[in-house]
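Me: I'm opening this model for the first time and would like to go through it piece by piece. Could we look at it together?

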Amino acid sequence: MEKKFWAEAWEQGNIGFHQKIIHSYLRRFYRRLGIAEGDSVFVPLCGKSLDMVWLQQQGAAVVGVELSPLAVQAFFEENDLNAFRDQQEPFESYSSGNLQLLCGDLFDLSQEEICHARAVYDRASLVALPKEMRRCYAAKLASLLPSGGRVLLVSYDYDQAEMAGPPFAVSAEELVELFEADFTMELLAEGDVLESHRVLAERGLTRLSEKAHLLIRK
Ligand SMILES: C[S@@+](CC[C@H](N)C(=O)[O-])C[C@H]1O[C@@H](n2cnc3c(N)ncnc32)[C@H](O)[C@@H]1O
């Protein structure tokens with residue numbers, strides 16, 4: 001999506017994707033990320049996800065990247081955290097202890113900026129992007145991670161004819177196309193979650209499959 005789309009979504013409070021609970025797949029599969037105390041986890045397109053607080057509570061250092069300054073500021077305010085602000089071109093960095101959000105564009109990031117993280121947590125990030133951008137996103141993750149680096153990827157699949165994204169449907173075939181050259185892939189879990197996503201049912205969905213994959217950088 002264009003940057004303007006996300007800026008307007010945050011300005012207008014159209015953030016139905018934001019969850020008030022920690023994602024069950026993150027709790028279930030966190031250990032599969034192989035994070036040791038103090039290791040960094042990178043959270044692309046992080047919004048103001050509470051999952052980042054939970055990750056920090058597990059002992060991980062967290063680096064998120066998010067386009068919207070409103071989202072970044074809301075994250076710190078709503079979690080009663082004082083943010084130390086620092087200009088790190090082309091990003092504005094907001095940090096509190098070992099939790100840092102970089103306000104700017106994912107596609108401008110380098111390995112240094114994400115503290116050479118060896119783990120990535122993606123919930124609703126790949127699926128936030130239209131098809132032509134998803135290829136760039138997969139290539140970006142591959143470029144950021146060293147060999148052995150791990151990704152917990154939480155994505156959606158549904159009949160794209162029933163609703164326009166975002167979130168977009170990403171089929172099993174497309175996941176293979178996007179990631180198989182650079183990652184090994186393991187399907188960890190899959191379930192129909194339409195019941196807990198009533199807004200998407202109101203937009204026309206009759207089925208919403210949510211999947212968790214573990215990707216390991218070759
Ligand atoms: C669907 S939301 C998901 C947020 C978060 N992962 C969560 O689970 O709540 C996608 C987020 O990505 C941000 N975003 C979109 N394109 C981006 C980009 N190129 N770089 C950084 N953030 C981006 C949007 O502002 C939005 O907050």
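Me: What should I keep in mind about the model itself?
Reply: This is a predicted model, in which local features need pLDDT of at least 70 and side-chain atom pairs count only at pLDDT 80 or more, while totals for chains, interfaces and linings use all residues. Residues are numbered from 1 along each chain as its sequence is written.

Me: OK, how do β1 and β2 run relative to each other, parallel or antiparallel?
Reply: β1 and β2, the latter covering residues 61-66, run parallel and are joined by five bridges; strands count as paired when DSSP finds at least two bridges between them. β1 also pairs in the parallel sense with β6, residues 119-123, over two bridges, and there V41 stands opposite A119.

Me: How many residues of β1 are buried?
Reply: Four of the five residues in β1, which spans residues 40-44, are buried, leaving the strand mostly covered. Buried here requires 20 or more other C-beta atoms within 10 Å of a residue's own, exposed 12 or fewer, and partly exposed anything in between, with C-beta atoms placed from the backbone.

Me: And what about β5?
Reply: In β5, residues 99-103, five of the five residues are buried, and this holds for both faces, with L99, L101 and C103 on one side and Q100 and L102 on the other. In a regular strand the side chains alternate between the two faces of the sheet.

Me: Which strands sit beside β5 as partners?
Reply: β2 pairs with β5 in the parallel sense over five bridges, and E66 stands opposite C103 there. β4 is joined to β5 by five bridges as well, but these two run antiparallel, with L102 as the bridge partner of S93. The hairpin of β4 and β5 has two residues between the strands, and G97 takes a positive phi near 55 degrees in it.

Me: Switching topic: why does D51 count as buried?
Reply: D51, which lies in helix α3, counts as buried because it has 24 C-beta neighbours inside 10 Å. Leaving aside residues up to four places away in sequence, D51 touches I22, H23, L26, Y121 and R123, where contact means C-beta atoms, placed from the backbone, within 7 Å. R123 is 72 residues from D51 along the chain, yet their C-alpha atoms are separated by 9.2 Å.

Me: Where does P90 lie, and why does it count as exposed?
Reply: P90 lies in the loop between β3 (84-88) and β4 (91-96), and it counts as exposed because it has 12 C-beta neighbours inside 10 Å. P90 touches G104 and D108, again not counting residues up to four places away in sequence, and its C-alpha atom is 8.8 Å from that of L109, 19 residues apart along the chain.

Me: Last one, what does the whole chain look like?
Reply: The protein chain has seven helices and nine strands, and its C-alpha atoms fill a box of roughly 45 × 40 × 30 Å along the principal axes. Of its 218 residues, 36% count as buried. Among contacts with a separation of 6 or more, 68% come from residues 24 or more positions apart.

Definitions and conventions
Two residues are in contact if their C-beta atoms, placed from the backbone, lie within 7 Å.
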